[in-house]
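Subject: Structure for you to look at

Hello,

Here is the structure I said I would pass on. My notes follow below it.

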Amino acid sequence: MLVAFALAAMLPLPPAAAQPATVPFERPVTAIVDGVVRPGEYAGSFTDPVTGIAVSWVHDDVNLSVGFVSPGTGWAGIGFGPEGILMDGSNIIIGYVLGAATVISDEYGVGLNHIADIGLGGRDDILERAGSEASGRTTLEFRIPLDSGDAYDIALRTGKTFSLLLAYHDTADDLITLHTSASAGSFILERDPNRIPTRRASLGLEGLGEPREAANVTLVARLLGDDGLPLVSAVLDFFVNTSVGGGFLGAVDTDAQGVARLNYTFLSPGPFRFVARFEGDFEYVPAEANTTLVAARSTGPSVLSTGDLAVRALIFATLTGVASVYAFVVIQILLIRRVGVAPRRTRGRRRGSKADRG
Amino acid sequence: MAKIVVTRVEKTVMLPLVRPGRWYWAIVGVLAAIVVWAAYAYTVQLQEGLVVTAMRDRISWGLYVSTFVFFIGISHAGTLVSAILRVTNAEWRKPITRLAEAITVFALIIGASMVIIDLGRPDRLQFIVQFGRIESPILWDFISISFYLTGSLLYLYLPLIPDLATLRDKMPARARFRRWLYTRLAARWQGLPEQRRRLERSLGAMAILIIPVAVSVHTVVSWIFGMTLRVGWHSTILGPYFVVGAIFSGIATLIIVMAAVRKLFHLEGIIKPIHFRNLGLMLLALDIVLLYFTLSEYLTASYPGETQDVAWLTLLGSGQFAPMFWWMVIGGFIVPAVFVAVTKAKSVPAVVIAAILVNIGMWIERYLIVVPTMATPQTPSVIAPYWPSWVEWSILAGAVAAFGLLLLAFCRFFPVISMWEVAEKAPTPLSEPSPIPEPPTAEVVD
């Protein structure tokens, strides 16, 4: 096992981490993978202030092309991982130049180690690779697919933030010696401004758990592509409908099954309409799903129900008293009406009635 | 066969029912136009949601709830003038009780509507019944307002019965619909001793009952605020403070409506300066009581110097709400008191102007109860902004117009003066019997 990146996870994030670096979109890509990074060859570039590694990169919505120059003659590496995670689960491209030979390997972060994809049963998905050494600096260039389909490569999507690892060694031309310097940051792939998404994803939403006042339910949203496969690492926004519009509950990434979960606590009984929304990406148009859950009244103790039945009785008695007076008045009105017909009855239908006698 | 005899009071009171005049229709037209505009604004709110208002998460109660409290307040006019004065057997009340009772009913209807409008989703009104909790002051309010509205309708209807019978018997024959209506509503009233006894008994019961019901309504409205741990609301004085303010604004509204109806329908011979004087003096007394409550409320809040209290009072005294606050104190409380005191309430215009100022001041007072408290942050934060949107202002204008429209519609169909009670005061005809403007040709009385 190789541990060159091992301590990278323990490093403090560099200042650049606060603002993700952007990988520009360009089509066609003019960068040539030949081991030399020329000025203007890549649409985007920056120099990491911690390690001194100069990174140049560009993507065309299909492949990512990278050239990076380390301030040493030993190994150099770059890693792309899920946001907020450093080595574990990252796609790591690491290599060195030894004489006329250039070694560049497609590896996968496992804990604080990294292992070649091939060694894990995956593939080496580097499409093109080249390297050179000059003036005490090492230049490595490579081109990889944004989404290789390999389980040991991370699928890079436009508009989404990923973590970025950079490390190198001054002199060691191998893949095992601990780095001289390393840093961590983040990056985002610029969207193709001309690309119009056309695919339609299907989004389902349901609530797991018994909807009840003061109890939790788990809102489960499942996002599938038009091919029936789950859309992984997509951001789903959850809302609860309110009188003033959608109340935002939170944003959750879909997992490997295309599922995002969010817990919600009912603050009161009644129906609640929940909405899950996928804002779309460079392929898919936005999708939305909703479900209505009716929270039952809590059976728990309340201020009045358990401790003070007398108060309830008092309220009931008061209301009954008022209603009784109202009823009395209504009866009086009916009697006024009845008295009013008495003379007619005397002359007609009901001779000798009580009203007549009165 | 005999000719219908119409007394001078009956003639004066029934004339607006037959011939309300051009001004009546002009005012109805203006008010109806405002109501239509407000209805349009409400449809916008129904379509877009409450987002078209200025209310947001920080200030979720604004103009609608302020107006709700205001209208519930003026609904106390009927309680005080009709019920309390009836219980104390104040004879001078008789010509103005009907108006007071009508104000109560229509103010309650408009006030309750404001809550439904404030809901944003009126279809959720059923949830109050379906999911309401007895621990919630909102449910208390729903119950007490429902009971008050029911009681007020009964209390408006009971003394109407003898007058409806008069209308049934003396309306022109060609007014078929009205005669049919009055016949249905008059409960076959013939003025029999048994009927009178039952009517007096019902009125006595309702007059006594409606007073605590009315007091409970505005107390419960105050508890909606007072039961929360919010600065400016969580106060034991809030219940009586609301009730006094309610009666205060109720009397002011009654004075304004009396003046308008008196002028519009030429009732100067029945609604006399003495009524304005007596109500003006009551207005002055309540003004002083309310000033005392106001001083007590704000002094108690300011003296301990609690951070939130200071922030709230600063908002009112010298912050963004200061112009409204000082307008309320000076224009709504002090100036009207001076007006009435200096003229000793003998000048009808002075009393009416004082009443108008009082009502403007009381609406502002309701606004200042609701909004500044919600604007005051509970945690360290900035003052929440709020200024009502055009939709809210439109609906407020519509509410006031609808209130006026309901009153005018009432005046068109029912006598605004309790003819039989006024006649009891002067049992003989006030002048030689004379036919009403369009006398029936075939109808006679036995």
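I start with one tryptophan: B:Trp326 has a relative accessibility of 41% and so counts as partly exposed, since that class runs between the 20% limit for buried and the 50% limit for exposed. Please keep in mind throughout that this is a predicted model.

Surface patch

B:Trp326 sits in helix H14 of chain B, which covers residues 322-343. Together with B:Ile330, B:Ile334, B:Val338 and B:Val342, B:Trp326 makes up a nonpolar patch on the surface. The accessible area of these five residues taken together is about 460 Å².

Largest pocket

The volume of the largest pocket comes to about 1,900 Å³. Its lining consists of 48 residues, and those nearest the centre are B:Trp61, B:Leu119, B:Arg124, B:Ile128 and B:Ile138. Sorted by class, the lining holds 31 nonpolar residues, 10 polar ones and seven charged ones.

Both chains contribute to the lining. From chain A, strands S16 (235-242) and S19 (270-278) each supply at least two residues. From chain B, the elements that each give at least two are helices H3 (63-74), H5 (97-119), H6 (126-131), H7 (137-157) and H10 (193-226). Which helix has the largest share of the lining? That is H7(B), with eight residues.

Salt bridges

Over all chains the count is 22 salt bridges.

A:Glu288 pairs with A:Arg277, and their closest N and O atoms are 2.8 Å apart. This pair links distant parts of the chain, with A:Glu288 in strand S21 (residues 287-295) and A:Arg277 in strand S19, 11 residues apart. S19 of chain A is also one of the strands that supply the pocket lining. A:Glu288 is partly exposed because its relative accessibility is 46%. A:Arg277 falls in that class too, at 27%.

In chain B, a salt bridge joins B:Arg198 to B:Glu194, with 2.9 Å between the closest N and O atoms. Both residues belong to helix H10 and are four residues apart, about one turn of the helix. Are the two partners buried or exposed? B:Arg198 has a relative accessible area of 13%, so B:Arg198 is buried, the limit being under 20%. B:Glu194, at 27%, is partly exposed.

Another pair in chain B is B:Asp123 with B:Arg121, where the closest N and O atoms are 3.0 Å apart. B:Asp123 is partly exposed, with a relative accessible area of 41%, and B:Arg121 is partly exposed at 30%.

The network is in chain A, where salt bridges link A:Arg199, A:Asp226, A:Asp227 and A:Glu283.

A loop in chain A

A:Val232 lies in the loop between strand S15 (216-224) and strand S16 of chain A. With a relative accessibility of 32%, A:Val232 counts as partly exposed. Its C-alpha atom is 9.7 Å from that of A:Ala260, a residue 28 positions away along the chain.

Where to begin

Regards

Definitions and conventions: Residues are numbered from 1 along each chain as its sequence is written. Chains are lettered from A and ligands numbered from 1 in the order in which they are written. This is a predicted model: local features need pLDDT of at least 70, side-chain atom pairs count only at pLDDT 80 or more; totals for chains, interfaces and linings use all residues. Side-chain values use heavy atoms; hydrogens and water are left out. On a 1 Å grid over the protein atoms alone, a cavity is a set of points where a 1.4 Å probe fits but cannot get out, and a pocket is an open set with protein on both sides within 12 Å along at least five of seven lines; lining residues have an atom within 4 Å of a point. Grid points are joined across faces, edges and corners, and a volume is the space filled by probe spheres set on the points. Ala, Val, Leu, Ile, Met, Phe, Trp, Tyr, Cys and Pro count as nonpolar, Asp, Glu, Lys and Arg as charged, and the others, Gly among them, as polar. Patches are made of residues with over 30% relative accessible area and no salt bridge: like charges are joined within 9 Å, nonpolar side chains (Val, Leu, Ile, Met, Phe, Trp, Tyr) within 5 Å. Accessible areas come from the Shrake-Rupley method with a 1.4 Å probe; for residues, only the protein chains shown count as cover. A salt bridge is a side-chain nitrogen of Lys or Arg within 4 Å of a carboxyl oxygen of Asp or Glu. Buried means under 20% relative accessible area, exposed over 50%, partly exposed in between (1.4 Å probe, protein chains only).
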